[in-house]
Amino acid sequence: MNTSKNPEANITPGSIILGKWSQNQYTILRELGSGATGTVYLARGNGTKVALKVSSDSLSITSEVNVLKYLSKVQGKKLGPSFIEMDDWVHTGRSIPFYVMEYVQGDTLFSFMKQRKDEWFGIILIQLLGDLHDLHNAGWVFGDLKPDNLLISGPPPKIRWLDVGGTTMVGRAIKEYTEFFDRGFWGLGSRRAEPSYDLFAVAMIIINFAYPSRFEKKEGGWEQLKRYIDKERWLRKYSRFLDKAINGQYQSALEMKQDLLSYYSKKTSPTIHKRTKSISYHKKPNPQMRYQKKKVQKRRGYLETILIVLIMFAFYVIYLIGHM
Amino acid sequence: MRKGTLRQILLITDGCSNHGEDPVAIAALAKEKGITVNVIGILSRNEAYGEHGLKEVEDIAMSGGGISQIVYANQLAQTVKMVTQKAMTQTIHGMINKELTHILGEGQQMEDLPPEKRGQVMEVVDEFGEMVDLEVLILVDISASMDDKLPTVQESLIDLSISLNSRTGNNLFAIYAFPGKRQPIDRLIDWDPQLDSLVKTFKKISTGGITPTGPALREALELFSEKRSKQELLGGDDEYIEESGS
């Protein structure tokens, strides 16, 4: 395939994309990102900001639109960006396919986490697993699940999916994946679309959070991943979930979600536990101090009673005098 | 629609042919026989994209109705998978376009349909790609300069088998290396649905300076014909696969 045919090369801010079928017009504002199947731009059409994807590969773009349309049929929840329309742009004698979708604004997962406390990571994971469960129930597997494809929109913070290029019907072969997040790459399973494929990727996202620059595959397999999990203190608290997700022991996203949920709901969740521990460490003489305080309080209590008794006695004296 | 079988040759090389027939011509012959030729050109670490005589890589693929890609060895795994699957989709797309021309008239292709309809056609293409049986003959250049790249080639081929075996359709792989010791190509693995047996394969490296890409391709074509006639002798093996898979 000749890459110099790339139509994305001639698109710059200010370019106007005109749809051949709908006659709708979009003005390109800037590039949002580009991947294996095309480039996504921020554009303005009908006074609203939209995301517009242009690709030289009419097959994969059509396939993607099919997925987006299916996802918008999953009721109750916005799983992917909502689909607006697909059209062709006739430019320099060639017909270039493009599609328009909702522009999802937000932070990437890792930049969001930079400004937040640790417990947010758990909440985002639980949200993600809930959405994945809905997706799986609708008969799809996300496929190319990785931090770059996740965005935190809000407020309130809510996880959203960006690129559905890898989203595959359950039972088929995964369309698109990224090696680090792919169980096939690590020698830990097939590339058949099933819920456990996505859950493996969720585990790798957790590992990626501890190793921001990722790591190379050596011997691969569970042995290598286990070694990297054990090496990183922050990761060790997740090791039970990671073990199960990586080795395909969760039957559904819901099962993993509930596992995490019960872990985070415990009063001694790792972060809080660590924090109270550190507080009690700094105030080790604390119990004694509290005891002293109690003593003071007790003494003050005595004083009050004596005072009340005295006042009552004084009134009683006055009363007696009055009667005399 | 009949499920059928797609046939591909995947040529992995790092240089220009310098011996025997013109590989571009043989690739054209392959296309006529219904076999797609894809080519992956591997660059060495210190080699820039332009330096290499890689025009031939593109020409062979173009003439063979397939896809070519030039990569550094470390990107090989993803590329092998991408090229094979893309070529597969492209072939199916071509077949479906032919059908569309039958139905809608001359010059009508999927791209001429309104987006709505195009989506429906694409669903068929996707489904076909999932179900179709695939035969890939992998032809690996093992001339001296490929020496340090062969472990990566091996890994990428195992990776390819993971990807393709995740499909519903059946696969058969065969691996041949060229130049061979006495013949143009040597067999490393005969038609097999798995590539796990690959581990021991790339031990014997030829050190000759010749790269007979053309003759190697011709031999590869022969292997497809041989295989087909064998199947015919066995009596409708193809049909049996079709029924069990659908």
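Predicted model: local features only at pLDDT ≥ 70, side-chain atom pairs only at ≥ 80, totals over all residues.
**Exercise 1. Which peptide bond joining B:Phe178 and B:Pro179 is present, cis or trans?**

Solution. Omega is about -5°, and the bond between B:Phe178 and B:Pro179 is cis. Most peptide bonds are trans. As to location, B:Pro179 lies in the loop between strand E5 (171-178) and strand E6 (186-192) of chain B.

**Exercise 2. Characterise the aromatic pair of A:Tyr26 and A:Phe98.**

Solution. The search of the whole structure gives 23 aromatic pairs over all chains. In the pair of A:Tyr26 and A:Phe98, the ring centres are 6.3 Å apart and the planes stand at 75°. Planes over 60 degrees apart count as edge-to-face, and this pair is edge-to-face. A:Tyr26 lies in strand E2 (residues 25-35) and A:Phe98 in strand E6 (residues 94-102) of chain A, so the pair ties together parts 72 residues apart in sequence. Both A:Tyr26 and A:Phe98 are buried.

**Exercise 3. Describe the pair of A:Tyr211 and A:Tyr228, together with the lysine over the ring of A:Tyr228.**

Solution. The rings of A:Tyr211 and A:Tyr228 are edge-to-face, at 5.5 Å centre to centre with 70° between the planes. A:Tyr211 is in the loop between helix H4 (195-210) and helix H5 (221-231) of chain A, whereas A:Tyr228 is in helix H5, and the two are 17 residues apart. Both A:Tyr211 and A:Tyr228 are buried. Over the face of A:Tyr228 lies A:Lys231, at 4.3 Å from the ring centre.

**Exercise 4. Determine how helices H3 and H4 of chain A are arranged, and which residues meet.**

Solution. The axes of H3(A) (residues 119-137) and H4(A) come within 11 Å and cross at roughly 165°. Angles over 145 degrees count as roughly antiparallel, and H3(A) and H4(A) are therefore roughly antiparallel to each other. Their crossing is right-handed. The contacting residues of H3(A) include A:Phe121, A:Leu125 and A:His136, and those of H4(A) include A:Pro195, A:Val202 and A:Phe209. Two of these residues, A:Phe121 and A:Phe209, also belong to a cluster of ring pairs, whose members include A:Phe110, A:Trp234 and A:Tyr264.

**Exercise 5. Is A:Tyr177 buried or exposed, and with which residues is A:Tyr177 in contact?**

Solution. A:Tyr177 is found in the loop between strand E11 (168-169) and H4 of chain A. Buried means under 20% relative accessible area; at 7%, A:Tyr177 therefore counts as buried. Beyond its neighbours within four places in sequence, A:Tyr177 is in contact with A:Asp144, A:Asp182, A:Arg191 and A:Tyr197, and also with B:Gln78, B:Lys81, B:Asp159 and B:Ser163. A:Asp144 is 33 residues from A:Tyr177 along the chain, with 4.3 Å between their C-alpha atoms.

Methods:
Residues numbered from 1 in each chain as written. Chains lettered and ligands numbered in written order. Heavy atoms only, no water. Phe/Tyr/Trp six-rings, centres within 6.5 Å; stacked < 30°, edge-to-face > 60°. Helix = DSSP H or I, 4+ residues; strand = E, 2+ residues; numbered from the N terminus. Buried < 20%, exposed > 50% of the residue type's maximum accessible area, 1.4 Å probe, protein only. Lys NZ or Arg CZ within 6 Å of the ring centre and 35° of its normal. Axes fitted to C-alpha atoms, helices over the stretch in contact; angles between N-to-C directions. Parallel < 35°, antiparallel > 145°, perpendicular 65-115°, else oblique. Left-handed = near helix turned anticlockwise from the far one by under 90°. Contact = heavy atoms within 4.5 Å.
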